[in-house]
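Here is a briefing for a first look at this structure. Take the sequence and the 3D view together, then read on by topic.

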Amino acid sequence: QVQLVESGGGLVQAGGSLTLSCAASGRTLSNYDMAWFRQAPGAGREFVAQMTRSGFSTYYIDSVKGRFTISRDNAKNTVHLQMNNLKPEDTAVYYCASRGRLTGPYDYWGQGTQVTVSL
């Protein structure tokens with residue numbers, strides 16, 4: 001059984017930093033594409049960042065480029081999202097997800113972790 005468990009969310013002031021973690025069991029993350037999504041109140045789920053299974057390629061939405069970094073710790077089977085210079089508009093529930101296929105939807109999701117950025 002595959003489980004993804006996020007942690008590291010919390011309340012931070014604008015300009016601050018947080019690091020989210022996604023620990024996996026039942027799946028070796030280096031064999032899968034991994035991504036972070038977020039969902040703000042009243043909004044749909046939004047893609048934030050992706051790392052391909054090779055680890056060589058990463059992708060980000062424009063609004064977080066230069067501020068967020070996705071990384072993977074193979075030894076701990078964990079994916080991280082380092083978030084710097086946080087803004088109030090980054091407030092959302094953040095989810096990690098994994099994908100076995102090379103394209104298409106992500107098939108396993110964590111339960112989410114709340115990030116709240118105050119002024």
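Leaving aside neighbours within four places in sequence, Tyr 94 is in contact (heavy atoms within 4.5 Å) with Glu 6, Leu 20, Trp 36, Phe 37, Arg 38, Val 48, Phe 68, Leu 81, Met 83, Gly 112, Thr 113 and Val 115.

This is a predicted model: local features need pLDDT of at least 70, side-chain atom pairs count only at pLDDT 80 or more, and totals for chains, interfaces and linings use all residues. Residues are numbered from 1 along each chain as its sequence is written, and side-chain values use heavy atoms, with hydrogens and water left out.

**Nonpolar core**
- A nonpolar core is a set of buried Ala, Val, Leu, Ile, Met, Phe, Trp, Tyr and Cys residues joined through side-chain atoms within 4.5 Å.
- Buried means under 20% relative accessible area, exposed over 50%, and partly exposed in between (1.4 Å probe, protein chains only).
- The largest such core holds 26 residues, and Tyr 94 is among those with the most contacts inside it, as are Trp 36, Val 48, Phe 68, Ile 70, Leu 81 and Met 83.
- At least two core residues come from each of strand 3, strand 4 (33–39), strand 5 (45–51), strand 7, strand 8, strand 9 and strand 11 (113–118).
- Strand 3 gives the largest share, four residues.

**Disulfide**
- The structure has one disulfide (a pair of cysteine sulfur atoms within 2.5 Å).
- Cys 22 and Cys 96 form it, with sulfur atoms 2.0 Å apart.
- The pair links distant parts of the chain, 74 residues apart: Cys 22 lies in strand 3 and Cys 96 in strand 9 (residues 92–99).
- The torsion about their S-S bond is about 50°, so the disulfide is right-handed.
- Cys 22 is buried at a relative accessible area of 0%, and Cys 96 is buried at 0%.

**Open sheet**
- Strands are DSSP runs (E, at least two residues), numbered from the N terminus; two of them pair if DSSP finds at least two bridges between them.
- Four strands form an open sheet in the order 1-3-8-7, with antiparallel pairing.
- Strand 1 (3–7) and strand 7 (68–73) are at the edges with a single partner strand each, so one side of each has no neighbour in the sheet.
- Strand 3 (residues 18–25) and strand 8 (residues 78–83) are joined by six bridges, and Ala 23 has Thr 78 as its bridge partner.

**Strand 11**
- Thr 113, Val 115 and Val 117 make its covered face, while Gln 114, Thr 116 and Ser 118 make the uncovered one.
- Strand 2 (residues 10–13) pairs with strand 11 in the parallel sense over four bridges, and Val 12 is partnered by Val 117.
- Strand 9 pairs with strand 11 in the antiparallel sense over three bridges, and Val 93 is partnered by Gln 114.
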